[in-house]
Amino acid sequence: MARSRLVPVADELAGAVDGLRFGPPVAHVYNPLIYARASHHAYLGLAGDGPGRVLLIGMNPGPWGMTQTGVPFGEVAYVRDWLGIEGRVDPPDEQHPKRPILGFECPRSEISGRRVWGWAERRFGTPGAYFARFLIWNYCPLGFLLESGANLTPDRLPAREKALLFEACDRALRRAARVLEPRLVVGIGAFAEGRARRALADVGVPVGRMLHPSPASPAANRGWEEQAEQDLRDLGVKL
């Protein structure tokens, strides 16, 4: 498998955000681009870096998905059994006791990831057929946890911390877009769409939005797959 040209983009982003510090209410920060680097690189190698695809932008890692596997929306079973990735995960020294990093031994299933990769399998059949058309990139690579163990999304960080984080994430997204030369960028949810529009304003690629698969979304729970496909069709994507 050839080394993707996205690898140095991801590695630079990993180092840039790893040096940031976050105060309360953040209690723990997970950077899977560091401790799950092998499986993230394997994902980028499998996805490839060919031009003309639809680039899907996620928000940040979920506690049972990319935080465990290093793969965007990386629900363990789909990453291992469909994508065929099971790279080494070296858990960080500091972990939240309620949200341990178990890697591919994690018994929990991430609903958002199950929806995204389940759709990819049902619609395209093979990873190769999917990656010929799409690639998923998470805007922010960090997972944030409160003292309670609850997930904190990056849009809820204090303004100064967001500014420094988003600067690094914007820079990485611009670099990724220049490598991939996508024909369309689609934010998975409003946050990702907004950040993509800001980061890529001078890149000259159209940006749209599709429904986020989160189980916290009533619309997604009423049939995410059907709505997501309609969103893509409305953006001119033929399925």
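Predicted model: local features only at pLDDT ≥ 70, side-chain atom pairs only at ≥ 80, totals over all residues.
Let me begin with the open sheet built from three strands in the order S1-S4-S5, where the pairing is antiparallel, a strand being a DSSP run of E with at least two residues, numbered from the N terminus, as are helices, which are H or I runs of at least four residues. Two strands count as a pair if DSSP finds at least two bridges between them. Its edge strands, each pairing on one side only, are S1 (28-30) and S5 (151-152). Three bridges join S1 to S4 (residues 143-145), and Val-29 stands opposite Phe-144 in S4.

Residues are numbered from 1 along each chain as its sequence is written, and side-chain values use heavy atoms, with hydrogens and water left out.

The other open sheet I want to show has four strands in the order S3-S2-S6-S7, with parallel pairing, and S3 and S7 are its edge strands. Four bridges join S6 to S7, and Ile-188 has Met-210 in S7 as its bridge partner.

Now to helix H11, residues 224-234, where the buried residues include Trp-224, Ala-228 and Leu-232; buried means under 20% relative accessible area, exposed over 50%, and partly exposed in between, with a 1.4 Å probe and protein chains only. Seen down the axis of H11, the buried residues fall within an arc of 155 degrees, taken from the directions from the axis to the C-beta atoms, so they line one face of the helix. The face turned away from that buried side carries the exposed Glu-226 and Asp-234.
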